[in-house]
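Here is a briefing on the structure shown below. Read it alongside the sequence and the model.

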Amino acid sequence: MDKKSDLEGLSREDYIAIARDIYGKCARGDSEPVLALFHEDATYRLIGSRALIHAAGLRVGKNEIRESWRAFDVDFEMLSFEVDDLVVDYPRCSYMSWRMRIRNRGAGAEAELDGVDRLQWRDFKIAEWTRYFDTALMAALGDSDRKGDLD
Amino acid sequence: MSESDSLSPQITRSGFERFIAAVLDRRANPALLAGLLAPEADWLLNGDQASWAYAGLRCSRDSILAYLNAFAVEFQQKEMRRLDVLIDGEQACVQYEMRLQHNGTGRVALLQCLCFIRVEGELIIEVSEFIDSATLFRLRESRDSD
């Protein structure tokens with residue numbers, strides 16, 4: 001899937017299927033096949049202040065991205081993930097909206113979170129991944145010592 | 001994607017791009033934005049409604065304008081910069097940043113934002129907006145709380 005010849009000539013539906021596959025693997029914590037789709041110098045950015053959200057900020061390169069995902073997995077469990085909508089200008093860029101239910105592994109608090117990922121592609125590999133979501137909810141979930149739902 | 005196959009018959013791709021620029025230019029001045037909204041338009045500010053009143057879905061032009069007016073009373077938009085626009089059919093996704101100042105505390109921050117805009121003809125029928133809400137909350141806090 002990471003070869004140009006495998007991605008050229010894809011239809012919108014094909015692209016959506018690939019995108020869903022990426023998210024499915026991420027949701028299962030199966031990150032290596034997803035990282036194979038990234039450029040070595042790719043960036044991953046969670047919108048928000050790192051002072052408020054530990055995982056926020058810019059990560060550069062596959063190693064930093066892998067560590068960021070691992071850190072997220074340590075703090076949070078993804079209970080469900082659904083792809084909602086897609087706006088795409090293949091092969092340049094796509095915006096995918098999603099909804100996930102996550103649980104803070106420490107405090108046990110759960111929340112439903114809506115967000116959007118912007119994937120910038122270069123030469124049929126991901127060059128930039130930027131994630132937008134309700135940062136206040138994520139910060140509250142990260143800080144929460146409450147048991148139970150935040151939403 | 002060519003102009004003719006990309007959009008509704010009533011708006012071309014370049015027309016859509018100009019339309020988006022106008023929406024962002026007028027966001028801080030809801031009275032000017034009114035003419036771009038369909039009467040039954042939906043505007044969703046994604047976020048936890050329990051923690052901030054601006055979050056949630058508005059289902060008419062009047063309620064959208066009320067929300068934007070309330071937002072403008074609390075936050076003054078000092079700067080708006082479009083970072084990226086992607087048009088796909090009658091829907092566009094816009095990545096932008098706003099420099100906002102809280103009118104009470106005077107604090108200023110640059111916020112990363114994103115919205116989906118869906119149009120019909122030359123009117124907005126749906127907006128779904130994401131704002132860095134944690135940073136927005138920080139603007140409300142007095143400097144003493146730092």
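Just after helix 2 of chain A, Gly29(A) takes a positive phi of about 75°. That helix covers residues 12-27 and has 16 residues. Helices (H or I, at least four residues) and strands (E, at least two) are DSSP runs, numbered from the N terminus. The helix reaches 22 Å from its first C-alpha to its last, close to the 22 Å expected at 1.5 Å a residue; the expected span is 1.5 Å times one less than the number of residues.

This is a predicted model: local features need pLDDT of at least 70, side-chain atom pairs count only at pLDDT 80 or more, and totals for chains, interfaces and linings use all residues. Residues are numbered from 1 along each chain as its sequence is written, while chains are lettered from A and ligands numbered from 1 in the order in which they are written.

**Confidence**
- The model scores ipTM 0.78 and pTM 0.83.
- Chain B has a mean pLDDT (the predictor's confidence in each residue, from 0 to 100) of 88, and 90% of its residues reach 70 or more.
- Over residues 1-7 of chain B the pLDDT is below 50.

**Sheet of chain B**
- Six strands form an open, mixed sheet in the order 2-1-6-5-4-3; two strands pair if DSSP finds at least two bridges between them.
- Strand 2 (56-58) and strand 3 are the edges, each pairing on one side only.
- From one strand to the next, the twist averages 20°.
- Strand 1 (residues 37-45) runs antiparallel to strand 2, with three bridges; there, Trp43(B) has Arg58(B) as its bridge partner.

**Hairpins of chain B**
- Strands 4 and 5 pair antiparallel over eleven bridges, and Val94(B) partners Cys115(B).
- Five residues lie between these two strands, and Gly106(B) in the turn has a positive phi of about 80°.
- Strands 5 and 6 are antiparallel and joined by eight bridges; Cys113(B) stands opposite Ile131(B).
- Two residues separate strands 5 and 6 in their hairpin, where Gly121(B) has a positive phi of about 65°.

**Contact between the chains**
- The contact takes 21 residues from chain B and 26 residues from chain A; two residues are in contact if their C-beta atoms, placed from the backbone, lie within 7 Å.
- On chain B, the elements giving two or more residues are strand 3 (75-88), strand 4 (91-102), strand 5 (108-120) and helix 5 (133-140).

Definitions and conventions. Axes fitted to C-alpha atoms, helices over the stretch in contact; angles between N-to-C directions.
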